[in-house]
Amino acid sequence: MKKSVLSSLVVLFAVNCLSVTTVHAQKKNILSKITDKIGQKSNSSTSTKTTATNTTTTNKGGLNLDQNQIGAGLKEALENGIEKQVVKLTQKDGFYKNEMVKILLPTELQKVDNTLRKMGMSSLADEGLKVLNRAAEEAVKEATPIFVDAVKKITFDDAKNILLGSDDSATKYLEKATTTSLYAKFNPVIKSSFENVGADKVWSSIVNTYNAIPLVNKVNPDLTDYVANQTLSGVFKMISVEEKEIRSNVGGSRNTQLLKDVFSMQDMLGGLIKK
(Lines give C-alpha, C1' and ligand atoms only; values in the text may rest on other atoms or scores of the structure.)
Protein backbone atom coordinates (compact mmCIF):
# COMPACT_ATOMS: atom_id res chain seq x y z
CA MET A 1 0.00 0.00 0.00
CA LYS A 2 2.74 2.47 1.02
CA LYS A 3 4.68 1.51 -2.05
CA SER A 4 1.65 2.19 -4.25
CA VAL A 5 1.06 5.62 -2.71
CA LEU A 6 4.74 6.50 -3.06
CA SER A 7 4.71 5.45 -6.70
CA SER A 8 1.66 7.64 -7.37
CA LEU A 9 3.32 10.65 -5.76
CA VAL A 10 6.42 10.16 -7.89
CA VAL A 11 4.30 9.99 -11.05
CA LEU A 12 2.37 13.18 -10.11
CA PHE A 13 5.61 15.01 -9.35
CA ALA A 14 7.06 13.97 -12.71
CA VAL A 15 3.94 15.09 -14.58
CA ASN A 16 3.97 18.45 -12.79
CA CYS A 17 7.64 19.01 -13.59
CA LEU A 18 7.01 18.12 -17.21
CA SER A 19 4.10 20.58 -17.35
CA VAL A 20 6.15 23.42 -15.85
CA THR A 21 9.04 22.66 -18.18
CA THR A 22 6.69 22.76 -21.17
CA VAL A 23 5.23 26.14 -20.14
CA HIS A 24 8.69 27.65 -19.64
CA ALA A 25 9.76 26.27 -22.98
CA GLN A 26 6.76 27.89 -24.67
CA LYS A 27 7.54 31.22 -23.01
CA LYS A 28 11.18 31.00 -24.00
CA ASN A 29 10.22 30.18 -27.58
CA ILE A 30 7.86 33.15 -27.88
CA LEU A 31 10.30 35.54 -26.18
CA SER A 32 13.01 34.31 -28.50
CA LYS A 33 10.84 35.06 -31.52
CA ILE A 34 10.08 38.56 -30.20
CA THR A 35 13.75 39.27 -29.50
CA ASP A 36 14.86 37.91 -32.88
CA LYS A 37 12.29 39.94 -34.76
CA ILE A 38 13.11 43.15 -32.91
CA GLY A 39 16.80 42.60 -33.50
CA GLN A 40 16.47 42.05 -37.23
CA LYS A 41 18.03 44.70 -39.45
CA SER A 42 15.87 45.61 -42.42
CA ASN A 43 17.56 46.51 -45.70
CA SER A 44 16.33 48.22 -48.80
CA SER A 45 16.05 44.99 -50.78
CA THR A 46 13.55 43.43 -48.38
CA SER A 47 11.65 46.41 -46.96
CA THR A 48 9.11 46.42 -49.80
CA LYS A 49 8.37 42.71 -49.36
CA THR A 50 7.98 42.94 -45.58
CA THR A 51 5.65 45.91 -45.90
CA ALA A 52 3.45 43.99 -48.32
CA THR A 53 3.30 40.80 -46.28
CA ASN A 54 2.93 42.34 -42.82
CA THR A 55 -0.62 43.41 -43.59
CA THR A 56 -1.74 39.81 -43.31
CA THR A 57 0.75 38.41 -40.81
CA THR A 58 1.05 40.98 -38.03
CA ASN A 59 -2.35 40.06 -36.64
CA LYS A 60 -0.69 36.91 -35.27
CA GLY A 61 0.91 38.73 -32.35
CA GLY A 62 3.03 41.16 -34.39
CA LEU A 63 5.99 38.74 -34.54
CA ASN A 64 6.67 39.47 -38.21
CA LEU A 65 7.48 43.14 -37.67
CA ASP A 66 11.05 44.20 -38.40
CA GLN A 67 13.08 46.80 -36.55
CA ASN A 68 12.16 49.63 -38.92
CA GLN A 69 8.45 49.04 -38.37
CA ILE A 70 8.88 48.79 -34.60
CA GLY A 71 10.87 52.03 -34.64
CA ALA A 72 8.18 53.68 -36.74
CA GLY A 73 5.51 52.55 -34.27
CA LEU A 74 7.40 53.93 -31.29
CA LYS A 75 7.98 57.23 -33.08
CA GLU A 76 4.30 57.40 -33.91
CA ALA A 77 3.46 56.92 -30.23
CA LEU A 78 5.74 59.83 -29.29
CA GLU A 79 4.35 62.00 -32.08
CA ASN A 80 0.86 61.30 -30.76
CA GLY A 81 2.02 62.49 -27.38
CA ILE A 82 3.18 65.74 -28.90
CA GLU A 83 0.14 66.26 -31.07
CA LYS A 84 -2.49 65.29 -28.50
CA GLN A 85 -0.94 66.29 -25.19
CA VAL A 86 1.77 68.92 -25.71
CA VAL A 87 -0.47 71.07 -27.90
CA LYS A 88 -2.82 71.39 -24.92
CA LEU A 89 -0.02 73.17 -23.08
CA THR A 90 0.13 75.92 -25.69
CA GLN A 91 -3.42 77.04 -25.00
CA LYS A 92 -4.33 79.73 -22.47
CA ASP A 93 -4.16 78.18 -18.99
CA GLY A 94 -2.58 75.07 -20.56
CA PHE A 95 -0.07 75.12 -17.71
CA TYR A 96 -1.80 77.37 -15.20
CA LYS A 97 -4.97 75.25 -14.86
CA ASN A 98 -3.37 71.85 -15.41
CA GLU A 99 -2.41 70.55 -11.98
CA MET A 100 -0.12 67.92 -13.51
CA VAL A 101 2.25 70.53 -14.92
CA LYS A 102 1.34 73.86 -13.30
CA ILE A 103 4.51 75.79 -12.53
CA LEU A 104 4.69 76.70 -8.86
CA LEU A 105 7.10 79.12 -7.27
CA PRO A 106 10.65 77.97 -6.58
CA THR A 107 11.53 77.52 -2.89
CA GLU A 108 13.34 80.83 -2.56
CA LEU A 109 10.29 82.71 -3.83
CA GLN A 110 7.70 81.00 -1.67
CA LYS A 111 8.66 83.28 1.21
CA VAL A 112 8.19 86.25 -1.12
CA ASP A 113 4.71 85.03 -2.02
CA ASN A 114 3.75 84.43 1.62
CA THR A 115 5.05 87.84 2.71
CA LEU A 116 3.20 89.74 -0.02
CA ARG A 117 -0.05 87.95 0.81
CA LYS A 118 0.32 88.76 4.51
CA MET A 119 0.79 92.39 3.57
CA GLY A 120 -2.44 92.45 1.54
CA MET A 121 -0.83 92.14 -1.91
CA SER A 122 -2.37 88.80 -2.90
CA SER A 123 -3.35 90.08 -6.35
CA LEU A 124 0.26 90.90 -7.13
CA ALA A 125 1.36 87.47 -5.89
CA ASP A 126 -1.31 85.76 -8.00
CA GLU A 127 -0.25 87.68 -11.07
CA GLY A 128 3.37 86.71 -10.49
CA LEU A 129 2.48 83.02 -10.49
CA LYS A 130 0.23 83.36 -13.50
CA VAL A 131 2.80 85.07 -15.73
CA LEU A 132 5.33 82.29 -15.09
CA ASN A 133 2.83 79.82 -16.50
CA ARG A 134 1.90 82.18 -19.34
CA ALA A 135 5.56 82.32 -20.34
CA ALA A 136 5.67 78.51 -20.42
CA GLU A 137 2.51 78.35 -22.54
CA GLU A 138 3.96 80.89 -24.94
CA ALA A 139 7.30 79.09 -25.14
CA VAL A 140 5.84 75.68 -25.98
CA LYS A 141 4.30 77.19 -29.12
CA GLU A 142 7.80 77.90 -30.36
CA ALA A 143 9.37 74.72 -29.01
CA THR A 144 6.98 72.08 -30.37
CA PRO A 145 8.73 71.84 -33.78
CA ILE A 146 11.98 71.13 -31.91
CA PHE A 147 10.37 68.14 -30.20
CA VAL A 148 8.88 66.90 -33.47
CA ASP A 149 12.26 67.12 -35.18
CA ALA A 150 13.93 65.34 -32.27
CA VAL A 151 11.49 62.44 -32.54
CA LYS A 152 12.15 62.07 -36.26
CA LYS A 153 15.90 61.80 -35.64
CA ILE A 154 15.66 59.11 -32.96
CA THR A 155 17.23 55.80 -33.94
CA PHE A 156 15.85 52.63 -32.39
CA ASP A 157 18.84 50.28 -32.18
CA ASP A 158 17.60 49.60 -28.66
CA ALA A 159 13.96 49.29 -29.77
CA LYS A 160 13.56 46.06 -27.79
CA ASN A 161 14.40 47.78 -24.50
CA ILE A 162 11.98 50.62 -25.20
CA LEU A 163 9.07 48.51 -26.42
CA LEU A 164 9.38 45.88 -23.72
CA GLY A 165 10.40 48.29 -20.96
CA SER A 166 8.36 50.29 -18.46
CA ASP A 167 5.25 52.20 -19.49
CA ASP A 168 7.27 55.41 -19.98
CA SER A 169 10.41 53.95 -21.55
CA ALA A 170 9.97 55.77 -24.86
CA THR A 171 9.46 59.09 -23.09
CA LYS A 172 12.54 58.55 -20.94
CA TYR A 173 14.56 57.66 -24.02
CA LEU A 174 13.41 60.86 -25.73
CA GLU A 175 14.10 62.91 -22.63
CA LYS A 176 17.63 61.53 -22.26
CA ALA A 177 18.42 61.98 -25.93
CA THR A 178 17.12 65.54 -26.33
CA THR A 179 17.05 67.45 -23.03
CA THR A 180 20.48 69.08 -23.36
CA SER A 181 19.98 70.34 -26.90
CA LEU A 182 16.35 71.28 -26.22
CA TYR A 183 17.31 73.35 -23.19
CA ALA A 184 19.91 75.26 -25.22
CA LYS A 185 17.18 76.28 -27.67
CA PHE A 186 14.41 76.52 -25.10
CA ASN A 187 16.04 78.95 -22.67
CA PRO A 188 16.14 81.96 -25.02
CA VAL A 189 12.55 81.21 -26.06
CA ILE A 190 11.51 81.43 -22.40
CA LYS A 191 13.39 84.71 -22.01
CA SER A 192 11.66 86.13 -25.06
CA SER A 193 8.33 84.81 -23.80
CA PHE A 194 8.85 86.61 -20.51
CA GLU A 195 9.04 89.84 -22.45
CA ASN A 196 6.02 88.98 -24.62
CA VAL A 197 3.71 88.23 -21.67
CA GLY A 198 5.17 90.92 -19.42
CA ALA A 199 6.52 88.46 -16.87
CA ASP A 200 9.82 90.33 -16.60
CA LYS A 201 8.07 93.55 -15.56
CA VAL A 202 5.72 91.82 -13.13
CA TRP A 203 8.52 89.96 -11.38
CA SER A 204 10.77 92.99 -11.37
CA SER A 205 8.00 94.78 -9.49
CA ILE A 206 7.46 91.84 -7.12
CA VAL A 207 11.16 91.39 -6.31
CA ASN A 208 11.74 95.12 -5.87
CA THR A 209 8.70 95.39 -3.59
CA TYR A 210 9.86 92.47 -1.49
CA ASN A 211 13.49 93.59 -1.31
CA ALA A 212 12.35 97.01 -0.07
CA ILE A 213 10.75 95.44 3.02
CA PRO A 214 12.99 96.06 6.05
CA LEU A 215 15.02 93.14 7.47
CA VAL A 216 14.26 90.63 4.67
CA ASN A 217 16.95 88.69 2.86
CA LYS A 218 17.01 90.10 -0.65
CA VAL A 219 16.29 87.72 -3.54
CA ASN A 220 17.24 87.78 -7.21
CA PRO A 221 16.20 84.41 -8.67
CA ASP A 222 17.03 83.21 -12.18
CA LEU A 223 13.44 82.69 -13.29
CA THR A 224 14.35 82.05 -16.91
CA ASP A 225 16.35 78.96 -16.01
CA TYR A 226 13.73 77.79 -13.52
CA VAL A 227 10.76 78.14 -15.89
CA ALA A 228 12.69 76.59 -18.80
CA ASN A 229 13.37 73.47 -16.74
CA GLN A 230 9.81 73.33 -15.41
CA THR A 231 8.41 73.72 -18.91
CA LEU A 232 10.57 70.89 -20.23
CA SER A 233 9.44 68.71 -17.33
CA GLY A 234 5.80 69.49 -18.11
CA VAL A 235 6.19 68.66 -21.79
CA PHE A 236 7.78 65.28 -21.10
CA LYS A 237 5.14 64.55 -18.48
CA MET A 238 2.36 65.06 -21.02
CA ILE A 239 4.16 62.93 -23.62
CA SER A 240 4.40 60.24 -20.96
CA VAL A 241 0.63 60.44 -20.41
CA GLU A 242 -0.02 59.62 -24.05
CA GLU A 243 2.57 56.82 -24.10
CA LYS A 244 0.97 55.14 -21.10
CA GLU A 245 -2.47 55.40 -22.71
CA ILE A 246 -1.21 53.81 -25.91
CA ARG A 247 0.56 51.02 -24.03
CA SER A 248 -2.68 50.29 -22.13
CA ASN A 249 -4.86 51.06 -25.19
CA VAL A 250 -6.98 53.43 -23.10
CA GLY A 251 -10.05 54.52 -25.06
CA GLY A 252 -8.75 52.84 -28.20
CA SER A 253 -5.71 55.12 -28.29
CA ARG A 254 -3.95 52.63 -30.56
CA ASN A 255 -5.74 54.29 -33.42
CA THR A 256 -3.63 52.98 -36.31
CA GLN A 257 -2.80 49.47 -37.49
CA LEU A 258 0.90 50.12 -36.91
CA LEU A 259 0.35 51.00 -33.24
CA LYS A 260 -1.87 47.94 -32.81
CA ASP A 261 0.71 45.64 -34.38
CA VAL A 262 3.73 47.03 -32.54
CA PHE A 263 2.20 47.17 -29.08
CA SER A 264 0.61 43.73 -29.44
CA MET A 265 4.15 42.45 -28.91
CA GLN A 266 4.26 44.30 -25.59
CA ASP A 267 0.88 42.81 -24.64
CA MET A 268 2.09 39.31 -25.41
CA LEU A 269 5.19 39.65 -23.25
CA GLY A 270 3.20 41.22 -20.42
CA GLY A 271 0.81 38.27 -20.43
CA LEU A 272 3.69 35.79 -20.31
CA ILE A 273 5.34 37.55 -17.38
CA LYS A 274 2.11 37.50 -15.35
CA LYS A 275 1.72 33.71 -15.81
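Colleague: Of the contacts between residues at least 6 apart in sequence, what share joins residues at least 24 apart?

Modeller: That's 82% in this protein, with contact meaning heavy atoms within 4.5 Å. Mind that it's a predicted model: local features need pLDDT of at least 70 and side-chain atom pairs count only at pLDDT 80 or more, while totals for chains, interfaces and linings use all residues. Numbering starts from 1 along each chain as its sequence is written, and side-chain values use heavy atoms, leaving out hydrogens and water.

Colleague: Why does Ile-154 count as buried?

Modeller: Buried means under 20% relative accessible area, exposed over 50%, and partly exposed in between (1.4 Å probe, protein chains only). Ile-154 comes in at 7%, so it's buried. Ile-154 lies in the loop between H5 and helix H6 (159-163), and it touches Lys-75, Leu-78, Tyr-173 and Leu-174, leaving aside residues up to four places away in sequence. Of the protein's 275 residues, 42% are buried too.

Colleague: How do you describe the way helix H5 and helix H8 pack?

Modeller: By the angle between the axes and the distance between them. H5 (residues 122-153) and H8 (residues 199-211) pack at about 145°, axes 9 Å apart. Those axes are lines fitted to C-alpha atoms over the stretch in contact, with angles running from 0 to 180 degrees between N-to-C directions.

Colleague: Which residues make the contact?

Modeller: On the H5 side, Leu-124, Glu-127, Gly-128, Leu-129, Val-131 and Leu-132; on the H8 side, Ala-199, Val-202, Trp-203 and Ile-206.

Note on methods
Helix = DSSP H or I, 4+ residues; strand = E, 2+ residues; numbered from the N terminus.
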